[in-house]
Amino acid sequence: MRHSTRWLAVCILSAATAYGWQQPQRPRTQPPKPQTELERAVEEFKVLTRDLGLRPDAPGKRVHSSAAKSGWHGRIFENFRNDKLDATPHEVVQRGGSRNMLRRNQFGFNVGGPVVIPKLYDGSRKTFFNVSYEGVRERIGRSFLRTIAIPEERTGDFSQTVDNAGVPLAVYDPQSTRVNPNYNPANPVSEENLQYLRDPFPNNRLPAARMDAVAQKAVSYYPLPNSTAGPFFRNNYFVFSPETNQANGMIFKLDHALAEKHRLTFNGSFTNGKAGSPRYFDTIADSNNNDRDFNARRGVLDWTFTKSAATIHTFTLDVIRDLSIAGRSGQEGALGAIGLRGPLRDAFPVFRYSTYLGMGRNNPNSVSSHTYYYLTDSFSTRRGKHRLRGIGQYRRYQVNAYLPENPAGSFQFGPSITSLPGIVNTGHPFASFLLGYAETASATVVDNPSYWRGRYYRLQTTDSYEYSKNLTFSASFAVEVSPPRVEKYDRFASVDLGEINPYNGRPGALVFANRNGRGRSLQRTRVRPETSFGLAWNPGGNAKSVVRLSYGLSYSSVPIYTTQWATQGFVGIPTVVSPNIQLQPAMKLGDGFPALPRPLPDLRPDAGNFTSADLVDPTATLPMYQSAGLSMERELPGQMILSISLGHARGQHLFVSNTAANPNAIPLSNLVYRDALNNETFRRTLRPYPQYQRFDVFSSWPAGNYKRNAGVVRVEKRSSSGLTLNATYEWSKQMDDYSGPYGIQDFYHRQNEWSLTSSNQPHRISFNFAYELPIGSKKALLTYSDWRRHFVDGWSVSGITSLSSGEPLALRPMFNNTGGLVDALRVELVPGVNPAVSDRGPAQWFNPAAFDQPADFTIGNGPRTHPHLLNPGGQNHDLSVTKRFAVTTERVVELTATGFNFTNTGNWADPDNLIGPASAPNVNAGKIIGSRGGRVIQVGMRLSF
Amino acid sequence: MRALLLALLIPGLLSAADARRAPRTQLRVAAPEQDPPLDRAAFKATLDGSPAKVLRVRGPKDDLVLLVVLDLTGDLTLIDSARPALIEKLTALPKNNWVAVLKSQDVLQVVQDPTPDREKTAAAIKEYAATGKAGLLTTVESASAVGDSLLNRSNVRVAVLYVTDSNIYNYREDFTNPVINSSDSQDLSRRFPDQLIREKMQKLSDGLAASETPLYFVHLNYFSDPINEAYQRGLLQLAEESGGAGVFCRSRGEIPEAVEKIVSAAATHWSVAVELRSVKSRTANVDLLNGDRDIPNRARFSLRK
């Protein structure tokens with residue numbers, strides 16, 4: 001009964017507070033009567049702040065009042081999307097299709113406030129929490145337009161197959177190959193001077209008896225065409241498939257003040273989810289991405305010790321862990337179903353045949369887990385005019401990975417084996433596939449996961465020195481030491497370019513960590529001395545203007561790789577390569593994949609021979625970045641702020657990937673050997689390290705360089721009427737010698753690769769605004785105070801508009817007849833022909849006549865990215881409209897409708913960039929086929945309290 | 001049993017609460033000092049467009065209680081620049097300007113009661129430890145309510161002055177809408193990342209619409225990212241709607257001048273009490289004239305309180 005009475009009292013007090021009783025009656029001691037109004041105010045201040053619990057000497061429990069709102073606050077929300085609200089994307093309209101299905105719900109809550117446990121703990125002044133949850137349930141239809149084999153081709157009938165110009169494409173019988181007795185080696189190979197003779201298949205049809213049994217069975221898992229979007233049977237397969245996404249995540253924070261000078265904070269988060277990838281086709285041979293289960297966890301513990309008003313000490317422990325499991329069920333028995341034999345693990349193998357949609361996926365089953373620990377101690381103090389800060393940090397990384405890339409084998413099929421040897425635009429990759437003739441084949445045999453470990457130590461000090469009221473200097477110096485990464489069980493291997501290979505006595509042999517006198521790592525300890533300098537200056541003592549100057553020198557650390565790269569010998573990558581792609585296949589599918597030459601682990605120096613061997617950079621070189629900036633901010637009349645900044649940045653020794661670095665590349669001077677380069681045995685002799693096909697440097701070879709100049713003008717306009725405008729214009733020019741999707745042509749003369757960065761957009765404009773409409777009870781118009789206020793109060797609109805010029809055009813020749821010397825062949829410039837067109841449009845974006853296919857066994861003299869021709873620019877306009885309903889001053893319902901690309905603007909697709917020879921031109925070169933984009937609407941509701 | 005009791009009691013409590021709300025009889029309208037100075041005797045007022053009686057005028061030479069709230073948690077170099085500037089400007093105030101010092105970490109807390117003793121004020125500011133979480137948004141209603149209470153119970157001017165370097169990312173409450181599910185590549189809900197803070201600012205604006213205490217602030221560290229811009233814009237809106245003012249510093253060199261400007265604005269503001277007699281709506285619009293000069297005063301008030 002006594003309990004109930006107390007509870008009733010609490011109810012009454014709470015209700016009274018909620019409905020406006022301002023000052024509960026309170027017993028007051030009788031202080032001396034104030035003499036003046038100021039003394040009266042002070043007396044009231046003391047009494048009020050004591051009653052509200054705002055004083056250190058206040059009683060433990062506060063009297064509730066609207067003046068001391070510190071209860072729990074938060075929100076509940078739902079964001080909803082459905083394809084019925086969206087416009088049909090332009091690319092779908094152009095195909096004559098309909099909108100893709102979309103169902104999406106994003107929901108969650110947030111709540112935070114003091115930690116109060118009735119009768120147990122009152123942390124209303126010192127302990128606070130905040131929790132956010134968000135869930136996503138999404139099913140979105142994805143559409144793809146691809147090119148696949150037409151039904152006739154699936155049965156070996158290539159009589160209807162044509163090239164890009166619509167000219168019939170001849171398929172030749174490899175078994176009919178013979179030496180041309182009339183070949184004149186003094187002249188280039190041509191149709192008039194063939195080195196080898198080969199007969200076309202009668203009627204361009206492969207005899208059924210010649211078709212490979214494995215390929216034929218694999219074809220039964222391959223879809224049939226269902227679209228006629230493109231000419232010449234291109235873009236003949238349209239697929240619509242749902243992508244699913246389910247995720248649940250939470251962020252929670254807890255902070256607690258320990259006495260006056262100590263504060264503990266804990267931030268934690270997790271997310272669990274499942275991402276279901278769309279299918280190109282619904283069989284085990286599908287080549288689209290894997291489904292993925294993932295979870296991530298993070299915890300950050302932070303302790304702050306305030307020694308004095310001038311000295312603060314902070315200690316932080318941060319732990320991050322994430323786990324990803326990717327794969328798809330139903331792969332069991334795939335090898336048996338198609339009859340492919342060999343030392344392969346069960347999954348559908350990867351078959352790739354040039355421009356057609358392939359079969360099978362890389363990494364069909366994988367698991368990776370990353371755990372990162374950060375321990376940071378920072379100290380900040382003041383000494384005279386100097387503000388000093390010191391930071392010490394220890395980082396430890398753990399990466400566990402099981403990522404067999406091609407456990408069931410990867411098979412590449414090219415046109416050469418079914419071509420007229422030496423003549424481009426003959427032969428067909430899919431015909432080569434049907435015959436079972438692979439150009440190259442490899443498999444990944446992984447018995448163990450890899451357990452990578454890395455650590456870093458960093459010390460940093462910064463000083464901010466106030467030279468005068470209007471001039472402040474700042475400087476920073478840091479040293480980071482990173483011992484090289486190790487593998488927990490020393491399963492770490494790399495090619496050592498100085499080690500002699502017993503196979504041929506040439507430099508370059510596989511070496512292993514913690515064996516033969518080597519340390520546990522095959523890399524060196526890196527030291528990163530970094531510095532920065534800056535100043536802020538108010539010219540002439542004018543506080544409305546500030547000029548900033550900055551310079552920084554920094555280095556990238558070596559990443560702890562998240563794959564099983566550099567474990568060769570422990571991981572087997574058996575590889576077979578065609579001795580001459582025009583004359584002889586690497587293997588025939590029906591014969592099965594060759595057995596492993598030696599069981600794993602194979603820890604001999606020649607274990608990586610004849611493969612694309614993993615090569616770890618043995619030097620201590622690190623990517624270096626330098627940047628300098630000058631900016632000026634000026635406050636203008638009318639609450640307007642103008643900012644102008646100029647920046648220059650450059651980088652050297654940037655880590656690049658295999659497309660931009662190949663230490664085993666054959667120098668291009670060897671192109672003089674022309675058709676002899678098709679002979680793998682001969683070509684191998686030209687490589688610096690002939691025992692290797694090439695090197696896999698992952699994305700970690702320090703060979704890239706870049707330079708960037710940029711200028712930004714930004715104007716911000718603020719208005720107390722509720723309107724805010726931001727406009728930003730950026731000009732930039734970035735050059736490099738590594739970027740782009742195709743790679744570089746000449747690995748030995750990087751200066752020839754120097755061109756615009758493939759992602760450089762020279763002009764970018766963005767415009768943002770937010771506007772509270774001037775209507776409603778607190779505004780200038782429609783100031784209703786009756787029921788109508790519910791409809792006119794609380795409207796706001798905001799928008800984001802962005803416009804950008806296109807990225808530089810990267811042109812590609814249609815054929816690459818360089819005997820395998822050049823991975824990324826460039827086009828040839830035609831002298832005297834202007835590449836630009838006067839009336840640029842989708843019918844002709846650039847003049848393809850200004851470019852040509854390089855002659856056989858020559859490189860193109862065109863740039864990697866064109867210095868003037870750009871792809872079409874883009875524009876996007878997003879708009880959000882919000883209506884607030886104030887239920888009480890504390891409870892608000894907010895409805896939001898957001899239109900992404902609300903103008904439903906279509907942006908042109910990039911023009912066709914393939915340049916063919918005069919004999920087989922690409923009739924679509926320079927043309928833009930279609931546009932993309934479409935309006936997307938999201939509606940949301942949020943209740944905040 | 002409890003539910004039944006509550007169901008019986010609540011309607012009665014609501015009626016009683018409504019009945020006991022004291023009707024407001026005046027509005028204290030804050031207005032900035034002008035150049036040339038305003039004439040105390042020349043104030044005229046209109047309420048919702050109709051002439052209204054000016055009950056009382058308090059000007060720059062009258063008593064003032066200045067509630068200085070320190071909301072400093074970030075860069076000590078900026079805070080170190082603000083401390084001496086603030087002490088210098090407060091010391092220079094007239095003797096009838098009493099200054100209280102409060103801090104806003106965790107909850108609003110009194111560091112120093114209002115006092116004419118500048119040494120005590122200076123000591124409180126010097127000893128202030130700049131750690132913890134930003135607290136302006138969570139304490140501004142309480143600070144205004146304290147100010148209103150002082151206005152109600154004494155015949156002085158009252159102003160709340162925040163000295164802040166608060167960054168929206170340093171709040172305990174999550175206004176930044178951080179990504180929770182990093183795998184959600186289709187998430188468009190964060191395209192307008194400032195929506196949460198705009199909503200919070202609007203809610204505060206609604207909550208403070210009934211307050212009569214002008215708010216001033218000096219922000220020591222201007223941030224240019226979209227969420228902080230929305231936050232800073234909201235601060236300015238709160239200050240201007242209350243009849244106060246705000247100023248942002250983009251560099252350390254600006255801090256002394258900004259502090260001087262805003263302390264001066266708070267100390268010299270006018271407080272004009274206007275009779276509130278015939279207003280029946282939930283809001284009131286007040287315009288002040290000084291002679292023939294139109295004054296940029298606090299114009300709109302909510303009467304829900």
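This is a predicted model: local features need pLDDT of at least 70, side-chain atom pairs count only at pLDDT 80 or more; totals for chains, interfaces and linings use all residues.
Visitor: Over to chain B. What is the reach of helix 7?
Guide: Helix 7 of chain B covers residues 255-267, 13 residues in total. From first C-alpha to last it reaches 18 Å, close to the 18 Å expected at 1.5 Å a residue.

Visitor: Which of its residues are buried?
Guide: In helix 7 of chain B, the buried set is Ile255(B), Pro256(B), Ala258(B), Val259(B), Ile262(B), Val263(B), Ala265(B), Ala266(B) and Ala267(B).

Visitor: What do those buried residues pack against?
Guide: Elements of chain B, including helix 2 (76-91). Strands 5 (64-71), 6 (97-103), 8 (157-164), 9 (215-219) and 10 (245-248) of chain B are also packed against.

Visitor: Now helices 5 and 6 of chain B. At what angle do they pack?
Guide: About 10°, with their axes 9 Å apart. Helix 5 spans residues 195-208 and helix 6 spans residues 226-242. Angles under 35 degrees count as roughly parallel, so helix 5 of chain B is roughly parallel to helix 6 of chain B.

Visitor: Which residues of helix 5 meet helix 6 there?
Guide: From helix 5 of chain B, Ile197(B), Arg198(B), Met201(B), Leu204(B), Ser205(B) and Leu208(B). Their counterparts in helix 6 of chain B include Ile227(B), Tyr231(B) and Leu238(B). By class, this contact has eight nonpolar, four polar and two charged residues.

Visitor: Back to chain A. In what sense do strands 3 and 6 pair?
Guide: Antiparallel, over 20 bridges. Glu138(A) has Asn245(A) in strand 6 of chain A as its bridge partner.

Visitor: What about strands 6 and 7?
Guide: Strand 6 of chain A pairs with strand 7 (residues 262-276) of chain A in the antiparallel sense, over 15 bridges. Lys253(A) is bridged to Asn267(A) in strand 7 of chain A. Their hairpin has three residues between the strands, and Ala259(A) takes a positive phi near 55°.

Visitor: Last one. What is the strand order in the open sheet of four strands?
Guide: 10-13-15-25 in chain A, with mixed pairing. Strand 10 (350-352) and strand 25 (575-577) of chain A are the edges. Strands 10 and 13 of chain A run parallel over three bridges. Phe351(A) stands opposite Phe411(A) in strand 13 of chain A.

Methods: Residues are numbered from 1 along each chain as its sequence is written. Chains are lettered from A and ligands numbered from 1 in the order in which they are written. Helices (H or I, at least four residues) and strands (E, at least two) are DSSP runs, numbered from the N terminus. The expected span of a helix is 1.5 Å times one less than its number of residues. A residue is buried if 20 or more other C-beta atoms lie within 10 Å of its own, exposed if 12 or fewer, and partly exposed in between; C-beta atoms are placed from the backbone. Two residues are in contact if their C-beta atoms, placed from the backbone, lie within 7 Å. Axes are lines fitted to C-alpha atoms, for helices over the stretch in contact, and angles run from 0 to 180 degrees between N-to-C directions. Angles under 35 degrees count as roughly parallel, over 145 as roughly antiparallel, 65 to 115 as roughly perpendicular and the rest as oblique. Ala, Val, Leu, Ile, Met, Phe, Trp, Tyr, Cys and Pro count as nonpolar, Asp, Glu, Lys and Arg as charged, and the others, Gly among them, as polar. Two strands pair if DSSP finds at least two bridges between them.
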